[in-house]
Amino acid sequence: MRERVWEIISNTTQVESLDAVNILFTMLIAAVCATVIFLVYRFFNRGVVYSSSFNLLIVMVCAVTAFIIITIGANLVLSLGMVGALSIVRFRAAVKDPLDVGFLFWGVAAGLTAGAQLHMVALLGTASIAVLYILFVLTRMDKRSFLLIIRYDAEAEEPVASLLAPMKTKLKNKTLTQDYTELTAEVKVRGGDVSFMEPLRQTPGVGSATLVEYTGDYS
C-alpha cells in the first residue's frame, strides 16, 4: 500500500516532457539572457567602479534560478526540499548601488522565466529591458554630474564665487576653518568639457580643485 501511494505521488509530480534536451535548451536560454545582462552591465555600468565579481554573480544567479525552477516544476517532493534548503541561506553582503539591485532582479526574472520554459518571455523581456536601459544611459551620457571640491583661503572667496556664478552649481558642503575654506558643489559637465578647472587653478589663493564623478551617493 505504501509503495502504491508513493508511486502515485511520483507519477503525478513528474513532468513527462522534462528530458535532457529540454533541460539543456532551457539552460541555454538562461545562458543567453545572462550573457546579455553581463554585456549590458559591463559596457553601460554607471557606477564609479566596475565590479567584475558582481557581474559574474548576476550570471550565476540567472543560471541557478533557472535550474531551481526546473526542479520545482518537475517534482513536488524535491521542490519542498529545495524550499527548505533555501530558507536557511543568509545573504549578508550589502548592495550599495541601487542599480545593482535592479540588475540582480533582472537576472532572477530571466532565470525564473527561462526555468518555467517561457522561453520567448525570457528572451523578449531581457532584450526589451536591455534596449530600454541602454537608451536611458545614452541620453544621460552627454551631461554628467560631478562633485567640484575647492580648497582656498580668504582672499580667493570673491574670485571663486565669480568663476562659479555662470555655472549651474548646487552647494553640497562648505567647511570653514581659520586658515582655509573647503567648498563642495555639484556641477553639470556636458561632453566632458572640464576647461573651467584651469581658471580655478590659476586663481591666487586656491590651494586645490578636485573634480569627482557624482553618482548620487555622497557622504
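I start with Thr126, which sits in helix 6 (residues 119–141); helices here are DSSP runs of H or I with at least four residues, numbered from the N terminus. This is a predicted model, where local features need pLDDT of at least 70, side-chain atom pairs count only at pLDDT 80 or more, and totals for chains, interfaces and linings use all residues. Residues are numbered from 1 along each chain as its sequence is written, and side-chain values use heavy atoms, with hydrogens and water left out.

Thr126 counts as buried because its relative accessibility is 4%; buried means under 20% relative accessible area, with a 1.4 Å probe and protein chains only. Beyond its neighbours within four places in sequence, Thr126 is in contact (heavy atoms within 4.5 Å) with Cys33, Val36, Ile37, Trp106, Ala110 and Val121.

Next, helix 2 (residues 20–44). Its 25 residues reach 36 Å from first C-alpha to last, close to the 36 Å expected at 1.5 Å a residue, the expected span being 1.5 Å times one less than the number of residues. Buried residues in helix 2 include Cys33 and Ile37.

Helix 2 packs with helix 5 (residues 98–115) at about 165°, axes 8 Å apart. The two are therefore roughly antiparallel, the term for angles over 145 degrees; axes are lines fitted to C-alpha atoms over the stretch in contact, and angles run from 0 to 180 degrees between N-to-C directions.

Which residues in helix 5 meet helix 2? They are Asp100, Phe103, Trp106, Gly107, Ala110, Ala114 and Gly115. On the helix 2 side, Cys33 and Ile37 are among the residues involved.

Notes. Buried means under 20% relative accessible area, exposed over 50%, partly exposed in between (1.4 Å probe, protein chains only). Angles under 35 degrees count as roughly parallel, over 145 as roughly antiparallel, 65 to 115 as roughly perpendicular and the rest as oblique.
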